[in-house]
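Notebook open, model loaded. I want the overall picture later; a few single residues come before that.

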Amino acid sequence: MARIILNDNEYSLYDFDNEAEFEKAVVENQKYLFGKDSVYVDIKKKIGKDSHKGIPDAFLIDFYDPKRPQLYIVENEIASHDVYSNITEQIARFGASIVSSANQIRNVLIKAIENEPRTKKEIEKTLSQTIFKNITELMLYLTEENDIKIVVAINEVTADLNLAFKIFKSPPDVILLQRYICGESISYYYEPMREEIEDMEIEKNNINKTVDFDTVVCAALEEGFKHAYVENNAWWELRLSQKARENLKYLAIYEKAPVAHISHYAEIDRIEPYKDTGRYILYLKNKKTVKPIKLSGKARGEAPQSPRYTTLSKLLNAKTVSELWS
């Protein structure tokens, strides 16, 4: 059983007894899970038509990009539920509802928000930073001009779950939330919806605008670089949100010490689920080189240890690695 050591205290896994208990934890920790620029609309209303009806646990409005906000259907699940007969069936119903019932979803949201003063106030406060004049205009965009997406929050990500989600053309985002206990103290372990954006939040705050990205930089030892990038024209086991899968066009490799520079990048030909891991494999084409981009030695955390995100423009113009993150 996994444990967490925090301030010399050992925390043990303290699983959720039921879905209601898990959902309460999701709501309490929503800004960590979904991002501080999101609004969690905690309503449960039936959507869909005929045999494709379902009741989402909530809706989520993601304002990370104020010009292109994104609406999600939220499904909160505990892993003890059967993957195939419960979770995937529910996701499939929601997928059908998105196609057939966009107007219904919009009307449900508008009415629910009007009846939830706190949620309405939070959305209206955020609207001042967007191009939308009011909630109705926002909802028209979210349901008519942009595809509605699905996000699943769950307390355990299993191989069965990952395999089941491979049936979907665009698999939903998956958020992991686990609870740990030490005495009467509770802590949570979580994997957020958009890991790639979490790393760029500081940059966004400093320049007060959305940080765009089209390139992922991955760190590699010599053996991994040769096997995956050189010999197989691919890179695998990346955790990518739906937004990342839509945005990414290029992959660059940071070769770890003793090389310690970036000189290779390639176009991403396609992105596919990788086995039953819940991660993705990037198939590459048109591999190219650039003049080595070296560490400046002046910035803490400059060398990427896990995937980090930037733009091709920065990659082609950078002289030091730190320039990719600023």
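**Entry: arginine 194**

I'm working from a predicted model, so I keep that in mind throughout. I started with arginine 194, which sits in the loop between strand E8 (185-191) and helix H8 (195-198). Is it buried or exposed? I looked up its relative accessible area and got 1%, so arginine 194 is buried, the cut-off being under 20%.

Next I checked what the side chain of arginine 194 reaches, and found the backbone oxygen of phenylalanine 34 at 3.4 Å. Phe34 also turns up in the contact list of arginine 194, along with Gly35, Asp62, Tyr64 and Ser241, once residues up to four places away in sequence are left out.

**Entry: glutamine 178**

Then I went to glutamine 178, in strand E7 (residues 173-182). Its relative accessibility is 16%, and since buried means under 20%, I put glutamine 178 down as buried.

Which backbone oxygen does the side chain of glutamine 178 reach? I found that of asparagine 155, at 3.2 Å. I also noted a polar contact of 3.3 Å between the side chains of glutamine 178 and tyrosine 180. Leaving out residues up to four places away in sequence, I listed Leu13, Phe16, Asn155, Ser187, Tyr188 and Tyr189 as touching glutamine 178.

I went looking for departures from that.

The peptide bond from alanine 257 to proline 258 is cis, and I read its omega as near 15°. Where is proline 258? I placed it in the loop between strand E11 (250-255) and strand E12 (261-274).

I found asparagine 233 in the loop between helix H10 (222-232) and strand E10 (234-238). With a relative accessible area of 33%, asparagine 233 is partly exposed.

Lysine 275 went on the list too, with a positive phi near 50° in a residue other than glycine. I located lysine 275 in the loop between E12 and strand E13 (279-294). At 54% relative accessibility lysine 275 counts as exposed, because the cut-off for that is over 50%.

**Entry: the whole protein**

Now I zoomed out. How many helices and strands does the protein have? I got twelve helices and 14 strands. The radius of gyration is 21 Å, close to the 20 Å from the globule rule for 326 residues, so I noted the protein as being as compact as a globular protein of that length. Along the principal axes, I have the C-alpha trace spanning about 60 × 50 × 40 Å.

I looked up burial next: 49% of the 326 residues are buried. Of the contacts between residues at least 6 apart in sequence, 62% join residues at least 24 apart.

For the surface, I wrote down an accessible area of about 16,900 Å², with 47% of that belonging to carbon and sulfur atoms.

Key: Residues are numbered from 1 along each chain as its sequence is written. This is a predicted model: local features need pLDDT of at least 70, side-chain atom pairs count only at pLDDT 80 or more; totals for chains, interfaces and linings use all residues. Side-chain values use heavy atoms; hydrogens and water are left out. Helices (H or I, at least four residues) and strands (E, at least two) are DSSP runs, numbered from the N terminus. The radius of gyration is taken over C-alpha atoms; the globule rule is 2.2 Å times the number of residues to the power 0.38. Buried means under 20% relative accessible area, exposed over 50%, partly exposed in between (1.4 Å probe, protein chains only). Contact means heavy atoms within 4.5 Å. Accessible areas come from the Shrake-Rupley method with a 1.4 Å probe; for residues, only the protein chains shown count as cover. A polar contact is a pair of N or O atoms within 3.5 Å; within protein, one must be able to donate a hydrogen and the other to accept it, and residues adjacent in sequence count only if both atoms are side-chain atoms.
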